[in-house]
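I opened the model to look up a few residues and the helices around them. My entries follow in the order I made them.

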Amino acid sequence: MDKDDYTDDSNSDCSTSDDDNSDCSTSDDDSDQSSYASGEQEDGGNGPNLAAKAIRAATNLVATHNYGRAFAYYLLALQLQPECKDTIRSDFILVCRKWCDQLEELGKIDDMFKCYESARQALPDCEEIYNNIGAKLFQFGHRNLAADYFRKALQINPQLVRATENLQNISNLLVERWHFCMLNDVTRNSSYRLAIDRAIANGRTTVLDIGSGTGIL
């Protein structure tokens, strides 16, 4: 299975980081967001109003394909008013995907994963984000960790087809290659079948197969 077979959400994406938003946005974001901070004082700390302004700013930035700054403003909106997550979820995920794709193209892989982490923290119950992180982890060779993220996505939403397929594919890759040769060893399997048939013919009705992960016997 090729790495390209591992899919993220083409209609949505996410990025995360334990660091501040400056790692995931342009240098102008700090001054722009400072104006929102001063505006908060003028508005008497009206979080919902400021969040709405941040969302409008993000929407305008998306129109100019400035995904880094748009991503930062969506994060700000979620910090100011967490309740807006359902309203901006799909737009936030899309912007996140676009921005992370740009970071990857620029070779800023660490920043890409930091943005994924920021998105995960902003929307901790978003299955698409976990699936997308898993897809990127696999792409860069972290198979076991990628599988953990696919499983987390399925814990949130067991019906997420992309995560199910990704986990199945990666599980196949995690099985040692020699195991498939053993399972396709006709002589070996036929001998086991003959031994079981003989035991049953002698009146025994229970077979204990220790370590039968595939259940082939």
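Entry 1, K136. I found K136 in helix α6; helices here are DSSP runs of H or I with at least four residues, strands are runs of E with at least two, and both are numbered from the N terminus. The model is a predicted one, where local features need pLDDT of at least 70, side-chain atom pairs count only at pLDDT 80 or more, and totals for chains, interfaces and linings use all residues. Residues are numbered from 1 along each chain as its sequence is written, and side-chain values use heavy atoms, with hydrogens and water left out.

Is K136 buried or exposed? K136 is buried, because its relative accessibility is 8% (buried is under 20% relative accessible area, exposed over 50%, partly exposed in between, with a 1.4 Å probe and protein chains only). I then listed its contacts, leaving aside neighbours within four places in sequence: D101, E104, M112, F113 and Y116. Contact here means heavy atoms within 4.5 Å.

Entry 2, α5 and α6. Two packed helices are described by the angle between their axes and the distance between the axes. Helix α5 covers residues 109–122 and helix α6 residues 127–139; their axes come within 10 Å and cross at roughly 160 degrees. That makes α5 roughly antiparallel to α6. I noted the axis rule: lines are fitted to C-alpha atoms, for helices over the stretch in contact, and angles run from 0 to 180 degrees between N-to-C directions. I noted the angle classes too: under 35 degrees is roughly parallel, over 145 roughly antiparallel, 65 to 115 roughly perpendicular, and the rest oblique.

The crossing of α5 and α6 is left-handed, meaning that the near helix is turned anticlockwise from the far one by less than a right angle; clockwise would be right-handed. On the α5 side I listed M112, F113, Y116, A119 and R120. They meet I129, Y130, N132, I133, K136 and L137 of α6.

I found A122 in helix α5. A122 is partly exposed, at a relative accessible area of 24%. I checked the pair A122 and L78: 44 residues apart in sequence, 6.7 Å apart from C-alpha to C-alpha.

F71, L75 and L78 of α3 make the contact with C115, S118, A119 and A122 of α5. I logged this crossing as left-handed.

How far apart are the axes of α2 and α3, and what is the angle? Helix α2 (residues 47–63) packs on helix α3 (residues 67–80) at about 165 degrees, with the axes 8 Å apart. So α2 and α3 are roughly antiparallel. Their crossing is left-handed. Among the α2 residues that meet α3 are G47, L50, A51, A54 and I55. The α3 side includes Y67, R69, A70, Y73 and Y74.

Where does H65 lie? I found H65 in the loop between α2 and α3. Most residues other than glycine have a negative phi. H65 has a positive phi of about 65 degrees although it is not a glycine. H65 is exposed, at 54% relative accessibility.

A disulfide is a covalent bond between the sulfur atoms of two cysteines. I counted a disulfide as a pair of cysteine sulfur atoms within 2.5 Å. The count comes to zero. C96 is buried, at a relative accessible area of 0%. C126 is also buried, at 1% relative accessibility.

I read 10 helices and zero strands in the protein chain. Of its 217 residues, 38% are buried. Among contacts between residues at least 6 apart in sequence, 67% join residues at least 24 apart. The chain exposes about 12300 Å², and carbon and sulfur atoms supply 48% of that. Accessible areas come from the Shrake-Rupley method with a 1.4 Å probe; for residues, only the protein chains shown count as cover.
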